[in-house]
Amino acid sequence: MFDRRFLQTRLGQAATASIAAMALFVALSSQIQATPAYAADPVLHSVELA
């Protein structure tokens with residue numbers, strides 16, 4: 001499916017750009033490591049009034 005004629009079309013270029021963007025996203029997201037305590041920390045803190 002990915003031959004030279006296909007990659008020279010606009011659809012082929014868009015597919016190549018999409019694959020490159022997904023690979024870059026995976027590479028960058030693998031660099032981010034959230035600890036379980038930080039990932040489970042809620043953003044909003046609630047206070048209960050008696």
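How many salt bridges does the count come to in this protein? Before I answer, let me say that what we are looking at is a predicted model, and that the count comes to one salt bridge.

The partners in that salt bridge are R5 and D3, whose side chains meet at 3.8 Å, taken from N to O. That distance counts because the rule asks for a side-chain nitrogen of Lys or Arg within 4 Å of a carboxyl oxygen of Asp or Glu.

Turning to the fold as a whole, the secondary structure comes to three helices and zero strands, and reading along the sequence gives the pattern α-α-α. Of the 50 residues in the protein, buried residues make up 4%, while the accessible surface comes to about 5,100 Å², with 65% of that area belonging to carbon and sulfur atoms.

The protein averages a pLDDT of 79, and 66% of the residues score at least 70. Where pLDDT is low, the predicted coordinates should not be read in detail.

Key. Residues are numbered from 1 along each chain as its sequence is written. This is a predicted model: local features need pLDDT of at least 70, side-chain atom pairs count only at pLDDT 80 or more; totals for chains, interfaces and linings use all residues. Side-chain values use heavy atoms; hydrogens and water are left out. Helices (H or I, at least four residues) and strands (E, at least two) are DSSP runs, numbered from the N terminus. Buried means under 20% relative accessible area, exposed over 50%, partly exposed in between (1.4 Å probe, protein chains only). Accessible areas come from the Shrake-Rupley method with a 1.4 Å probe; for residues, only the protein chains shown count as cover. pLDDT is the predictor's confidence in each residue, from 0 to 100.
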